[in-house]
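Trainee: I would like to learn how to read a few features of a structure. Can we take them one at a time?

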Amino acid sequence: MKIRLLSVCFSLLLLSGCVFSPVQRADVRENETENEREVDRLLDAQLGLLRDEITPEERKAARVLMTRLLPLQHQRRQRGIYEKSTEEQRLVQDLNALYDSYTVTYLNPDKEDFGYEDPPWRTVAKYSITADQTLTPLRPKAAPPLQEKELFALWDQICSWLPEDALDRFDQCTFFTDGEYETLAYVAPIDQNGKRWEFGVDPVDSKEEELFLETVLHEYFHSLTLNDTQVKYTSRQTVDTYNEEGMVSLEGSYIDDFYQTFWVDYLDDCLASEDTFNFFLRHEEDFITPYSSTNPSEDISECLTYFVLYPEQEGDAVWEQKLRFFYQYPELVSFRQTVRNNLKMEP
């Protein structure tokens with residue numbers, strides 16, 4: 001009998017320990033409410049302009065997926081793991097497909113896309129860039145004398161737009177062509193660390209000066225935001241800062257500050273898109289050009305370009321906030337002023 005009584009008492013003690021106190025119940029409810037608010041906040045961020053278009057039933061379908069996705073994201077990031085699990089990636093893709101279907105219904109009934117192409121291109125001439133920013137032919141790829149004169153004039157024009165030391169990290173200039181109105185220019189690191197760079201220019205596309213200037217600035221800003229002082233080129237990804245395949249941005253870098261401010265809530269949705277046109281339509285008010293919606297690297301380069309070329313913006317649209325974002329960096333404000341002076345633009 002004593003053994004039975006002791007057993008019953010022990011069972012009761014165990015049961016009493018499993019009962020939540022009022023304080024514990026309140027904590028559980030608060031956590032559940034906080035999770036629900038986070039689900040709705042992320043859903044609103046990713047739906048963008050669809051927020052006011054879709055039906056309650058359509059939002060509910062998206063919310064079910066987001067409710068399943070969010071805990072997986074939190075667990076992975078808490079463990080410091082960059083690569084998504086199969087289940088997490090599937091949920092991201094399912095949400096993206098759902099958003100795209102809503103976008104076609106409400107914002108893109110003609111099913112347009114960017115339709116980017118990658119035509120073949122050929123090298124016209126290659127040059128090394130000396131300390132005083134003049135070009136020296138890299139044999140055997142030098143242009144004929146008459147054409148070379150035009151190429152040198154084009155390079156001098158690029159140098160005249162930028163601050164005096166802006167091209168110090170560039171060792172090589174390649175003139176190429178892939179036809180009219182395709183790739184106007186490019187930049188690329190020529191070492192493993194992103195310390196030394198190449199500038200590529202298509203002379204065929206240089207005739208429209210305004211477009212060419214915008215492209216040169218855009219490409220230059222890739223080198224400014226993706227060089228060795230801003231990012232680390234590595235296969236070891238992190239969850240702490242902005243990452244691209246083979247690249248991790250440094251804490252406090254231009255691109256990570258930009259990503260943390262404007263992109264963190266919907267980057268995964270953007271990357272899940274094969275063509276980001278629908279993503280752009282959902283967030284059209286966030287981007288200064290359609291191309292800037294491609295990813296944070298393209299967005300920051302586009303925004304820096306128009307930070308230089310546009311007057312200071314005073315509106316509330318996200319794209320205007322992005323242009324104002326750069327005024328917190330004195331060195332970028334100085335860069336802007338120098339370029340505008342070189343272009344004889346008003347301050």
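Trainee: Which element gives the largest share of the lining of the largest pocket?

Mentor: Keep in mind that this is a predicted model. Helix 6 gives the largest share, with six residues. Strand 4, helix 6 and helix 10 each contribute at least two residues to that lining. The pocket has a volume of about 880 Å³.

Trainee: Which residues lie nearest the centre of the largest pocket?

Mentor: Of the 27 lining residues, Tyr116, Glu182, Thr183, Leu184 and Tyr291 lie nearest the centre. By class, the lining has 12 nonpolar, seven polar and eight charged residues.

Trainee: How should I read the sheet?

Mentor: Strands of a sheet pair through backbone hydrogen bonds, either parallel or antiparallel. Here an open sheet of five strands runs in the order 2-1-3-5-4, with mixed pairing. Strand 2 (135-137) and strand 4 (185-189) are at the edges with a single partner strand each, so one side of each has no neighbour in the sheet. From one strand to the next the twist averages 30°.

Trainee: In which sense do strand 3 and strand 5 pair?

Mentor: Strand 3 (residues 170-177) and strand 5 (residues 197-201) pair in the parallel sense, over five bridges. Phenylalanine 175 stands opposite valine 201 in strand 5. Helix 6 (residues 209-225) packs on the sheet and touches strand 3, strand 4 and strand 5. The direction of helix 6 makes about 10° with that of strand 4.

Trainee: Which residues of helix 11 are buried?

Mentor: An α-helix has 3.6 residues a turn, so residues three or four places apart point the same way. In helix 11 (residues 318-325) the buried residues are Glu320, Lys322, Leu323 and Phe325. Their cover includes helix 7 (254-262) and helix 10 (296-309).

Terms used: Residues numbered from 1 in each chain as written. Predicted model: local features only at pLDDT ≥ 70, side-chain atom pairs only at ≥ 80, totals over all residues. Heavy atoms only, no water. Buried < 20%, exposed > 50% of the residue type's maximum accessible area, 1.4 Å probe, protein only. Helix = DSSP H or I, 4+ residues; strand = E, 2+ residues; numbered from the N terminus. Contact = heavy atoms within 4.5 Å. Pairing = 2+ DSSP bridges. Axes fitted to C-alpha atoms, helices over the stretch in contact; angles between N-to-C directions. 1 Å grid on protein atoms, 1.4 Å probe; cavity = no way out; pocket = protein on both sides within 12 Å on 5 of 7 lines; lining within 4 Å. Points joined across faces, edges and corners; volume = space filled by probe spheres on them. Nonpolar A, V, L, I, M, F, W, Y, C, P; charged D, E, K, R; others polar.
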